[in-house]
2 protein chains.
Amino acid sequence: MVTIADVARDAGVSASTVSYVLSGKRSISADTRRRVEASIRRLGYHPHAGARALASSRTNVLALVVPLRTDIHVPVVMRFVTSVVTSAREHDHDVLLLTNDEGPDGLRRVAASAIADAILVMDVEAEEPRIPVLQSLLRPVVLIGVPDDPAELSCVDLDFHAAAARCVDHLADLGHERIALIGPSPAVYERGTSFAGRFLRGFTGTARERGLAAVAHSCAPSYEAVRECVDKVLADQPDVTGLVVHNEAVLGTVLSELQRRGHRIPADLSVVAVCPEDMAVSYSVPLTTVAIPSDDVGRLAVEMVLRQLDGAAAPEVRLLSPRLSPGHSTAPPPRS
Amino acid sequence: MVTIADVARDAGVSASTVSYVLSGKRSISADTRRRVEASIRRLGYHPHAGARALASSRTNVLALVVPLRTDIHVPVVMRFVTSVVTSAREHDHDVLLLTNDEGPDGLRRVAASAIADAILVMDVEAEEPRIPVLQSLLRPVVLIGVPDDPAELSCVDLDFHAAAARCVDHLADLGHERIALIGPSPAVYERGTSFAGRFLRGFTGTARERGLAAVAHSCAPSYEAVRECVDKVLADQPDVTGLVVHNEAVLGTVLSELQRRGHRIPADLSVVAVCPEDMAVSYSVPLTTVAIPSDDVGRLAVEMVLRQLDGAAAPEVRLLSPRLSPGHSTAPPPRS
DNA sequence: TTGAAAGCGTTACCAT
DNA sequence: ATGGTAACGCTTTCAA
């Protein structure tokens with residue numbers, strides 16, 4: 001193994017000088033810097049991560065807790081993961097993948113063993129049970145999602161309440177009076193997943209404010225569930241003209257099913273989808289969309305947690321404003 | 001921070017004894033062991049990962065290189081990832097998530113910095129360009145997928161050639177004479193993804209052996225592509241009675257599209273799907289399936305790499321035998 | 001069965 | 001602007 005001592009010898013300087021060249025924590029003469037950098041390249045030197053961690057109490061690793069649940073839409077999860085990994089690498093950090101099956105002990109282990117410097121948590125619930133553990137870790141934490149009581153933990157997410165409002169407003173502005181929401185799987189609501197409740201409240205609240213008749217149903221990701229759900233929507237809201245779909249997993253199936261039943265989009269029925277931007281393009285009709293900005297959220301999560309590590313930031317809650325991109329799936333309601 | 005010295009003092013033993021209690025590398029009297037373990041629990045001691053890595057040159061971390069591509073089906077990728085993480089934890093290892101955007105340097109960095117002990121690589125191509133780097137790392141590597149020339153690297157995957165043969169045999173045994181394959185996205189073939197070519201060769205080869213007329217088409221994951229692909233299949237093989245779908249992303253769309261066009265499954269057309277087991281259950285017809293055993297593959301990958309780390313194993317190529325689970329989507333062909 | 005002590009490769013403080 | 005040298009917390013050899 002090539003060590004810092006090898007580089008130092010090769011460059012004719014001391015080990016500490018090599019270290020300082022690498023960290024930039026003190027000024028180095030141009031000449032010395034060049035020689036050291038040349039030696040580093042020539043020898044193919046890479047600092048030993050463990051030694052570094054031991055000496056500096058910094059691992060340059062971020063732990064990311066991902067959900068293993070099957071009721072959450074995997075492609076969406078993966079977008080967040082990708083964004084976090086990419087952003088982390090841009091800041092010279094690596095990402096350790098954690099799941100929840102170890103429970104609180106897993107978090108304690110990672111934090112106490114100094115395997116990672118900080119923790120990012122996905123799949124946050126309204127009454128997030130992990131908050132006490134996370135607070136006890138003495139390490140920066142960022143939740144991707146916003147619990148009812150963040151309790152001094154940083155959070156970042158799309159403002160799902162505003163996102164729902166945006167959807168409803170869009171439909172209301174077009175003149176729709178009877179609208180419906182197809183939301184996430186019942187399982188997602190049942191365990192109180194934070195974004196689902198926030199969106200639902202935004203939907204019903206705004207509908208009430210705008211004087212619209214509104215119904216909401218959850219929908220499991222199976223063909224039968226979609227059919228039942230569409231049945232229920234049409235039963236509860238017989239002359240529905242506006243539909244909000246906040247469920248990436250069933251979006252395609254919902255659209256086919258509606259078309260199968262003879263509803264033309266948007267002539268008979270306007271549809272607004274809530275999903276990552278690039279997901280909305282793969283359907284026959286270009287959808288009117290409120291985007292889930294997974295890239296921004298992931299990047300912000302990383303930046304927030306790194307700022308905390310630098311001691312330069314207090315915990316904060318960041319809700320990203322929704323943006324609605326008009327497509328061809330919404331139009332004024334049909335005159336009846 | 002609680003150190004091994006704290007535990008040693010608390011238990012009235014030396015630090016080395018605590019270390020040996022933890023590692024089990026020498027015998028400890030029952031009494032000492034109890035006292036040490038009690039102290040560990042009471043103080044909440046967790047060994048410092050960096051210190052450990054430095055002293056033992058073992059990080060207990062496995063690096064996993066995942067594809068960021070969008071042409072590969074994300075839920076399938078995630079199943080492998082999940083399986084790897086779970087298995088790794090069962091063997092007291094953590095998983096570091098790597099992507100390919102750093103290129104070969106990323107692999108060198110991770111290996112040379114001793115951030116991870118070994119590397120698992122997903123999304124393997126037939127002419128895998130990463131093989132030279134991987135060989136140069138001096139660390140155990142397991143490829144999840146099999147390149148044309150593994151060159152002394154360990155590999156594990158479903159035997160896709162045999163899997164295709166199994167599909168064709170099943171249809172041939174039922175009496176089908178004209179069959180078709182809907183394979184992965186063109187992009188997957190173009191970059192020579194290992195499993196795609198192996199499956200395709202198994203398909204055409206076995207069809208020839210069995211004397212069946214066979215056509216094969218790739219299919220991008222969009223509604224239009226599916227329609228075109230189905231068109232092409234029906235044009236090239238007008239009286240097709242057996243269809244193999246090796247493309248999780250379009251499976252549902254293909255089924256709907258066929259039904260929309262009046263093909264009853266399996267009365268008019270038998271369909272065999274190649275996909276993870278649990279994916280096959282979410283359709284209206286329970287599908288005849290050749291399962292992609294992501295759990296087994298991920299677990300084996302971890303076990304193989306750990307065995308190499310223990311020095312107890314040479315590189316090996318493991319191809320898992322396919323298993324066909326009969327569903328209600330295949331039947332004898334209609335009499336014409 | 002246990003203890004003492006020498007590393008492991010960095011960082012960062014104290015000098016100069 | 002640079003060098004020397006204690007840490008950092010653990011593993012493992014050598015001794016007893």
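Select B:D123 to begin, and you will find this residue in the loop between strand 3 (118-121) and helix 7 (131-136) of chain B, where helices (H or I, at least four residues) and strands (E, at least two) are DSSP runs, numbered from the N terminus. The model is predicted, so local features need pLDDT of at least 70 and side-chain atom pairs count only at pLDDT 80 or more, while totals for chains, interfaces and linings use all residues. Residues are numbered from 1 along each chain as its sequence is written, chains are lettered from A and ligands numbered from 1 in the order in which they are written, and side-chain values use heavy atoms, with hydrogens and water left out.

Stay with B:D123, which has a positive phi of about 60 degrees although it is not a glycine. Is this residue buried or exposed? B:D123 counts as buried at 9% relative accessibility, where buried means under 20% relative accessible area, exposed over 50%, and partly exposed in between (1.4 Å probe, protein chains only).

Next, select B:N60, in the loop between helix 4 and strand 1 (61-65) of chain B. B:N60 also is not a glycine and has a positive phi of about 60 degrees, and with a relative accessible area of 25% it is partly exposed. Most residues other than glycine have a negative phi, and most peptide bonds are trans.

The bond from A:I265 to A:P266 is cis, with omega near 10 degrees. Then turn to chain B, where the bond from B:I265 to B:P266 is cis, with omega near 10 degrees.

Of the atoms of DNA strand D that come within 4 Å of the protein, sugar and phosphate account for 56%.

Which element gives the largest share of this surface? Helix 4 of chain B does, with five residues.

Two polar contacts (pairs of N or O atoms within 3.5 Å) can be displayed here. A backbone N or O atom of A:S29 lies 2.7 Å from a phosphate oxygen of DNA strand D, and a polar side-chain atom of B:K25 lies 3.1 Å from a phosphate oxygen of DNA strand D.

Key: A residue is near a molecule or strand if one of its heavy atoms lies within 4 Å of it. A polar contact is a pair of N or O atoms within 3.5 Å; within protein, one must be able to donate a hydrogen and the other to accept it, and residues adjacent in sequence count only if both atoms are side-chain atoms.
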